[in-house]
Amino acid sequence: MFDLISKYDTELLDAFWTTIQLAVLSAIGALVLGTIVAGMRVSPVPVARWVGAAYVNIFRNTPLTLILLFCSVGLYTQLQIKLAADGPDSLANNNFRWAVIGLSIYTGAFVCESLRAGINTVAMGQSEAGRSLGLTFTQNLRFIVLPQAFRSVIAPLGSVLIALTKNTTVAAAISVAEASFLMKNMLETEAALLLIGAIFATGFVILTLPMGLLFGYFAKRYEVAR
């Protein structure tokens, strides 16, 4: 195993670094998008609630591979919607950025549902108190409801983001040079199937296990007393 790691040490570091970048950027996008959609789902405006529900139902039930292929093949290749300047790395950069968008859109639906569950745990009296002080719906959501909702769903959000980290492997479908893309290439040239699988499984455990422990600690540390 160590001989195999030393042979591909640079490629392994680059691949897992790409995986980390994908996970971090997509997590930021998913949290922002999921928070906005969660606000729409509890909005007093019927159209906003309908759009939020449609978004969740569509993207939560659509395979991630299909979303990424639509972004890369449909939007980038066919419609020529580019997210990076032309150059020698244009294809790789565009596919990476479309992968971030696809992962953010897909994961945002799960973030929305987790956060909406947290919003439902906030006592109705809290919102009513905010309205009695003259706060608008947006202000009430921002200053009173969402801070408590986030604290209530730290552990579920952690699970969603861990799943996102593992879902970055799907980006290999559009040739993003992350960990699973390198694993596929190694399997084509090396005969050590079990060793290669063990290397990449260990790599993902190293990435996700600390996340689980960290979110578990935060969940206990900032849990809202009911």
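## Close-up views of a predicted model

**View 1. Thr35 and its contacts.** Setting aside neighbours within four places in sequence, Thr35 touches Leu115, Leu146 and Phe150, where contact means heavy atoms within 4.5 Å. Thr35 sits in helix 2; helices here are DSSP runs of H or I with at least four residues, numbered from the N terminus. At 19% relative accessibility, Thr35 counts as buried, a label for anything under 20% relative accessible area, with exposed meaning over 50% and partly exposed in between (1.4 Å probe, protein chains only). A word on the source: this is a predicted model, in which local features need pLDDT of at least 70 and side-chain atom pairs count only at pLDDT 80 or more, while totals for chains, interfaces and linings use all residues. Residues are numbered from 1 along each chain as its sequence is written, and side-chain values use heavy atoms, with hydrogens and water left out.

**View 2. Salt bridges around Glu113.** Arg41 pairs with Glu113 in a salt bridge, with 2.7 Å between the closest N and O atoms; the term covers a side-chain nitrogen of Lys or Arg within 4 Å of a carboxyl oxygen of Asp or Glu. Arg41 belongs to helix 2 (residues 9–41) and Glu113 to helix 5 (residues 90–121), so this pair ties together parts 72 residues apart in sequence. Glu113 itself is buried, at 18% relative accessible area. Arg116 also meets Glu113 in a salt bridge, at 3.1 Å from N to O. These two residues share helix 5 and are 3 residues apart, about one turn of the helix. With 3.6 residues a turn in an α-helix, residues three or four places apart point the same way. Arg116 is partly exposed, with a relative accessible area of 24%. Step back and you get a salt-bridge network linking Arg41, Arg60, Glu113 and Arg116.

**View 3. Asp86 with Lys82.** Here's another salt bridge: Asp86 and Lys82, whose closest N and O atoms are 3.0 Å apart. Asp86 is exposed at 59% relative accessibility, whereas Lys82 is partly exposed at 39%. The count for the model comes to 5 salt bridges.

**View 4. The two sides of helix 3.** Buried residues in helix 3 are Ala48, Gly52, Ala53, Tyr55 and Val56. Looking down the helix axis, they fall within an arc of 155°, so they line one face of helix 3; the arc is taken from the directions from the axis to the C-beta atoms. Helix 2 and helix 5 are among what covers these buried residues. On the face turned away from the buried side, you'll find the exposed residues Pro46, Val47, Trp50 and Ile58.

**View 5. A nonpolar patch on the surface.** Trp17, Ile20, Val24, Leu25, Ile28, Val32 and Ile36 make up this patch, with about 650 Å² of accessible area together. Patch members have over 30% relative accessible area and no salt bridge; like charges are joined within 9 Å, and nonpolar side chains (Val, Leu, Ile, Met, Phe, Trp, Tyr) within 5 Å. The areas come from the Shrake-Rupley method with a 1.4 Å probe, and for residues only the protein chains shown count as cover. Leu25 lies in helix 2 and is partly exposed, at 41% relative accessible area.

**View 6. Gln80 and its positive phi.** Gln80 isn't a glycine, yet its phi is positive, at about 60°. Most residues other than glycine have a negative phi. You'll find Gln80 in the loop between helix 4 (64–78) and helix 5, partly exposed with a relative accessible area of 47%.
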